[in-house]
Amino acid sequence: MSSPAIASSISSFASTLAKHEVTLARGETKVLQLNLGKLCNITCTHCHVNAGPGRKEIMTRETVDRVLEWFDQYRPETIDLTGGAPEMAPDFRHLVTRIRELAPETRIIDRCNLVILNEPGYDWVGKFLRDQRVEIVASMPCYSAENVNAQRGDGVFDRSIAGLRELNGLGFGKGEPNYPLHLVYNPGGAWLPPEHAELQEDYKRELKKHFEITFDQLYALTNLPVSRFAAFLRREGSYDTYMELLASAFNLGTVEGLMCRNTLSVSWKGEIYDCDFNQMLQLQLKDEAGAKLNLWDVDPSKMAGRSIAFGNHCYGCTAGAGSSCSGTLV
Ligand code: SF4
Ligand code: SF4
């Protein structure tokens with residue numbers, strides 16, 4: 001699979017970079033983002049992973065242990081766990097516990113959908129994350145029930161609020177450096193996120209006023225035209241308009257901070273990519289001979305300077321204030 005084609009009225013991402021005389025190359029690898037699989041307990045319309053309850057792809061114990069061996073050798077600053085619902089991977093606890101044992105100060109992030117906290121069989125999640133000092137980055141695309149349920153499914157808003165209350169009760173999201181809780185906003189359709197500072201203020205005010213909930217930061221993300229969100233755009237006939245919107249909002253100032261410069265994205269099988277979106281588009285990293293690479297084939301200190309596999313989907317990261325797994329870029 002390659003990066004999506006675009007209407008002839010839009011310049012390709014490659015020609016936009018060339019016009020501005022910029023290249024896209026990897027820098028120092030600081031973040032190892034592990035996609036533990038496509039299994040999830042909900043099915044969101046914007047999901048770029050096509051995750052859901054019926055998916056079987058999941059990282060095995062053997063792969064987890066190979067990842068841990070690599071981690072022990074190279075020790076990246078941050079481990080970022082995503083999925084699917086990463087907590088549904090059978091060896092999630094083994095992975096996190098072992099990283100903590102090997103390198104107690106490593107920053108570990110769990111990309112949590114909140115509803116996993118009250119899914120039968122997962123009542124251990126909140127306490128486990130607290131005991132292991134895991135930073136939580138939680139999806140919460142709006143502070144209104146109607147918008148959240150439309151995007152993520154009936155009942156998800158109430159379950160997310162219950163999840164946030166539990167996390168606050170465990171000490172997350174109260175400004176404590178060991179227990180951060182950040183929320184993630186993404187638009188409900190084919191538009192760019194609004195101005196970040198104002199949106200964060202709205203979230204803080206509304207969640208406090210109606211639910212007594214607090215959190216640390218809001219990350220505003222742009223929906224990338226990949227997988228389920230791309231299919232959604234095509235179904236509603238807005239794919240070309242959305243690509244035009246992203247391309248016309250290209251912001252050169254975002255290029256320096258793109259997450260693909262310092263992140264190595266790993267699939268449930270151990271394959272490596274420049275980012276999770278490239279993973280979904282199967283743009284796997286290759287060696288000079290063209291052989292596809294797995295995590296255990298690479299020394300991250302030798303990856304700086306490698307070209308990044310970019311494509312038209314990258315307009316999603318460079319539009320407006322930019323977008324990354326940690327929110328806006330400028
Ligand atoms: S967006 Fe997240 S929570 Fe929603 S289906 Fe995808 S992986 Fe699951
Ligand atoms: S999608 Fe974003 S993070 Fe991934 S390669 Fe493109 S610009 Fe980089």
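The helices (H or I, at least four residues) and strands (E, at least two) on this tour are DSSP runs, numbered from the N terminus. This is a predicted model, where local features need pLDDT of at least 70, side-chain atom pairs count only at pLDDT 80 or more, and totals for chains, interfaces and linings use all residues. Residues are numbered from 1 along each chain as its sequence is written, while chains are lettered from A and ligands numbered from 1 in the order in which they are written.

Select Gly84, in the loop between strand E2 (78–82) and helix H3 (92–102). Look at the peptide bond leading from Gly83 to Gly84: it is cis, with omega near 20°.

Now jump to Arg133, in the loop between helix H4 (125–131) and strand E4 (135–139). Arg133 isn't a glycine, yet it has a positive phi of about 50°. Arg133 has 17 other C-beta atoms within 10 Å, so it is partly exposed.

**Stop two: Met140 and a helix crossing**

Next, pick Met140 in the loop between E4 and H5. With 25 other C-beta atoms within 10 Å, Met140 is buried. Which residues does Met140 touch, not counting those up to four places away in sequence? They are Leu114, Ser160, Leu183 and Val184, where contact means C-beta atoms, placed from the backbone, within 7 Å.

Color helix H5 (residues 145–152) and helix H6 (residues 156–169): their axes come within 8 Å and cross at roughly 110°. Axes here are lines fitted to C-alpha atoms, for helices over the stretch in contact, and angles run from 0 to 180 degrees between N-to-C directions. So H5 is roughly perpendicular to H6, a label for angles of 65 to 115 degrees (under 35 is roughly parallel, over 145 roughly antiparallel, the rest oblique). Show the side chains of Ala145, Val148, Asn149 and Arg152 on H5, then Val156, Phe157 and Ser160 on H6, to see who makes the contact.

Move on to helix H8 (residues 227–235), where you'll find Ser227. Ser227 has a positive phi of about 50° although it is not a glycine. The buried residues of H8 are Phe229, Ala230 and Leu233. They cover an arc of only 100° around the axis, which puts them on the same side of H8; the arc is that of the directions from the helix axis to the C-beta atoms. Just after H8, Gly237 takes a positive phi of about 70°.

In helix H9 (residues 239–248), select the buried Tyr239, Tyr242, Met243, Leu246 and Ala247. They fall within an arc of 130° seen down the axis of H9, so they line one face of the helix. What do the buried residues of H9 pack against? Their partners are H8 and helix H11 (315–318).

**Last stop: the ligands**

Zoom to ligand 1, surrounded by 13 residues, the closest being Cys40, Cys44, Cys47, Ala51 and Asn113. Finish at ligand 2, whose surroundings include Cys260, Cys275, Cys314 and Cys317. For both shells, a residue is near if its C-beta atom, placed from the backbone, lies within 6 Å.

Key: A residue is buried if 20 or more other C-beta atoms lie within 10 Å of its own, exposed if 12 or fewer, and partly exposed in between; C-beta atoms are placed from the backbone. Two residues are in contact if their C-beta atoms, placed from the backbone, lie within 7 Å.
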